[in-house]
Amino acid sequence: MPSKGKLPQELIDQAIDHLWNDRDSLSTCSRVCHAWLPSARTHLFRDQRLTGAKHCARFEALLEGNPDIAPYVRKLTISEPMSTAYAQNWVNRVPALVGKLRRLTTLEFVGLHYVSLQHTSPETLSTLSRLTALVLADVYFDSFVDVHALLSAACNIRDLCFYRVCWAAPSSSTYGSLPVKAPPPLRRLVIDSWASSAMLQEWLLPSARRLDVRTLMVRWRERDSIDVLNGLLKACGTATQNLYIELPTTMEGACSGTPFTVPGRRYSHIHAETQVLPSLFYNTNLRSLEIDGLVVPGCVPWTSAWLAHLRAPTLEKLSVTLLVLDSASISSFDWTTLDSVLSQPSFKGTTLHLNINLALHTNNDPRTVREAVTGHLPGIAQRGKLSIHCFG
């Protein structure tokens, strides 16, 4: 039994936990007594954001004077406008700073110009190996060599977000000199980038025969690099359970009737040249699949290929988001393939969620569109596994 007037430490810790986002109260708690200090510091220093050279210098001074604070820092965000000249002087101190944060797991770079890493020692760069999550969002590098060095150093990350990352165009000889290392133990991969194919080709895929990525989110922008996307999907294979994919709404070229190529199939759709189409052939353990970016009417021959290669009996939810420009063209979508695939016995437990966004058009009536789509999907509707939401 606790002594009179003294609460058990676990109750004090729980009370302080409720103040996790109240920095003023947490600061007060940290000064009450030594017993309250660890719980207060857990929330005060767990998530740190440095937004410039001055913030970085103050934080380094804080760690220098109070080294016992470092173990409480679990997430560090580095951010500064790209136009700020100081970014070229202080951002490269981050690897050394990470070395002082022994329990840091997540590092984020947001909206900055990351200058060359060529003067960063291998020993300092190796401190990034303790990270388990890395986020690069709106980051500009001088060279892809720096991107490769950063990603290779963070060799133990399980969660990677690569969003709008760009760099100066390197020469092909530069790529050839990059070392090939074992792929990180990724479990979640988010790719939303204007230069995603280069990152995959030169960093991840060369050494990755198989990836254990459970959740994959891809917004693909490069129409001419679908083969690289297929390489990623093949490498992930049966490990992937949750997949979100957004592809370009149209393929290059005009409707010509020239066949498209998909492994094992031919499609007589639009393009002047034979082109590889995306395939889910190797992703047989999907539980949820979200397809976004479709426009009706639109030249999207890969939609049929995408659905035709769907062979995941564990699939619980298929979500398709479409933009309908004119309800009169709703029949141009390949509803037949969608209905025939999901009507197979192996997909009896799969629910189809259709999110239909209607453009501003006098002919676009949500009720009419909903009835038309239901009529095009008799097999799925009969099983009671169809959900349609119209917006507009």
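A: Two strands count as paired if DSSP finds at least two bridges between them, and the elements themselves are DSSP runs numbered from the N terminus, with helices (H or I) of at least four residues and strands (E) of at least two. This is a predicted model, so local features need pLDDT of at least 70 and side-chain atom pairs count only at pLDDT 80 or more, while totals for chains, interfaces and linings use all residues. Residues are numbered from 1 along each chain as its sequence is written, and side-chain values use heavy atoms, with hydrogens and water left out.

The protein chain has 15 helices and 14 strands.

Let's settle on β4 (residues 133-141). Seven of its nine residues are buried, meaning under 20% relative accessible area, where over 50% is exposed and in between is partly exposed (1.4 Å probe, protein chains only). On one side, β4 pairs with β3 (residues 106-114) in the parallel sense over eight bridges, and Thr106 stands opposite Ala133 in β4. β4 is also joined to β5 (residues 159-167) by eight bridges, again running parallel; here Leu136 stands opposite Phe162 in β5. Further along the sheet, five bridges join the parallel strands β6 (residues 188-192) and β7 (residues 215-219), with Met217 in β7 as the bridge partner of Val190.

The loop between α8 and β5 holds Asn156, which counts as partly exposed because its relative accessibility is 38%. Asn156 and Ser129 are 27 residues apart in sequence, yet their C-alpha atoms are 5.7 Å apart in space. Setting aside neighbours within four places in sequence, Asn156 is in contact (heavy atoms within 4.5 Å) with Ser129, Leu131, Thr132 and Pro185.

Now to the helix before that loop. The axes of α8 (residues 144-153) and α10 (residues 196-204) come within 10 Å and cross at roughly 55°. The two helices are therefore oblique to each other; angles under 35 degrees would be roughly parallel, over 145 roughly antiparallel and 65 to 115 roughly perpendicular, with the rest oblique. Phe144, His148, Leu151 and Ser152 of α8 make the contact with Ala198, Met199, Glu202 and Trp203 of α10.

Finally, α11 (residues 226-236) is largely enclosed by the rest of the structure, because eight of its 11 residues are buried. Among them are Ile226, Val228, Leu229 and Asn230. Gly237 follows α11 and has a positive phi, near 50°. Across the protein chain of 392 residues, 46% count as buried.

Terms used. Axes are lines fitted to C-alpha atoms, for helices over the stretch in contact, and angles run from 0 to 180 degrees between N-to-C directions.
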